[in-house]
Amino acid sequence: MISTVRAGFVAEVRPRGMPLDADEVVARVREALRTHAVVVIRGDQGLSALEQAAFTRLLGPLEPASDMRNHHPDSTDVMVVDNSGTTPVVGNQCWHSDRSFLPEPTRYTVLSGQVIPSSGSETLFADMAGACRSAPEAWKRMLRGAMGVHSYDKLAHMRAAIHNAPVQPDYARLYPPVRHPVIRAHPESGTAAFYLSELCLARIEPEDGTPVDISVEDLHAHATKEELLYRHAWRVGDVVIWDNCRVMHRAGALEPGVARILYRTTTAGGPPEAGVPV
Ligand SMILES: O=C(O)CCC(=O)C(=O)O
């Protein structure tokens with residue numbers, strides 16, 4: 001039922017005709033998520049918004065949709081990811097880890113393919129444990145204990161520009177900048193992984209006075225090298241689940257004005273703990 005697509009990074013679970021909320025399928029998805037960052041379920045699972053919310057709840061406490069302009073009419077827990085609608089989603093074309101601007105960011109995200117353009121469309125995933133492992137030793141020494149400042153600023157300004165609306169006046173009070181370790185330990189396995197985001201990581205601050213002579217741009221360039229990527233080419237009905245503790249993601253190239261609709265649900269996570277790179 002579980003097969004490896006990329007060792008330690010991406011697995012595929014085949015539900016063999018069972019519904020996704022069947023105990024056996026949920027057990028296999030959980031098992032695959034223990035050792036992989038991304039779990040793919042191919043085939044037309046035909047998940048409705050409510051079914052997706054119910055399935056996600058089996059993986060952890062469900063979070064409300066992060067963008068209330070784009071929640072599904074049947075559920076405020078399901079976000080409709082659509083870059084071509086009247087209020088296009090914001091930020092999905094930048095590398096990020098979901099809701100890293102919160103003190104307790106999202107743990108798992110579930111996306112399902114609802115409307116997929118015939119020209120194809122992808123979501124890209126970058127392996128943050130692999131990025132940490134393969135980083136230069138000097139970087140690992142410098143970044144041990146370093147903290148990243150994650151801010152909502154860029155998102156708030158992008159949203160205002162894309163929606164042609166004023167910047168949400170109270171965003172800085174609702175989402176003050178938070179500090180997370182640049183190298184985080186996986187909550188269950190302890191594996192060290194970079195915790196980065198082109199959307200939210202504003203700067204890196206040393207924890208003990210050791211200067212960090214690495215730019216955020218260089219870190220992102222290293223962490224998104226082709227050999228660290230998995231590209232999911234969507235088909236209608238696919239379901240993809242990922243662990244935001246060990247992966248960054250973004251949409252691939254989108255054709256302007258062409259409908260591409262994914263349903264998105266997320267589970268709550270805890271505060272990221274510092275990790276020790278190997
Ligand atoms: O649109 C995509 O492919 C990615 C969606 C995304 O970034 C998200 O749901 O956080």
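**Close-up 1. Helix H2 and its buried residues.** In helix H2 (residues 49–57), the buried residues are Ala 49, Gln 52, Ala 53, Phe 55 and Thr 56; a residue is buried if 20 or more other C-beta atoms lie within 10 Å of its own, exposed if 12 or fewer, and partly exposed in between, with C-beta atoms placed from the backbone. Helices (H or I, at least four residues) and strands (E, at least two) are DSSP runs, numbered from the N terminus. The model is predicted: local features need pLDDT of at least 70, side-chain atom pairs count only at pLDDT 80 or more, and totals for chains, interfaces and linings use all residues. Residues are numbered from 1 along each chain as its sequence is written.

Close-up 2. Val 25, Arg 28, Val 29, Ala 32 and Leu 33 are the buried residues of H1. Because they fall within an arc of 135° seen down the helix axis, they line one face of H1. The face turned away from this buried side carries the exposed residues Asp 23, Glu 24, Ala 27 and Arg 34. Cover for the buried residues of H1 includes strand E1 (2–6), strand E2 (10–13), strand E3 (38–41) and strand E14 (239–243).

**Close-up 3. The shell around the ligand.** The residues around the ligand are Val 81, Asn 92, Asp 98, Thr 109, Leu 111, Thr 123, His 249, Arg 250, Ala 251, Leu 262 and Arg 264, where a residue is near a molecule if its C-beta atom, placed from the backbone, lies within 6 Å of it. Two or more shell residues come from each of strand E6 (106–115), strand E15 (247–251) and strand E16 (261–268). E15 gives the most, with 3 residues.

**Close-up 4. Two residues with positive phi.** Arg 99, in the loop between E5 and E6, has a phi near 55°, a positive value in a residue other than glycine. Arg 99 counts as buried because it has 22 C-beta neighbours inside 10 Å. Asn 164, in the loop between helix H5 (153–162) and helix H6 (171–174), also has a positive phi, of about 55°, although it is not a glycine. Asn 164 is exposed, with 6 other C-beta atoms within 10 Å.

Technical notes: Arc of directions from axis to C-beta. Contact = placed C-beta atoms within 7 Å.
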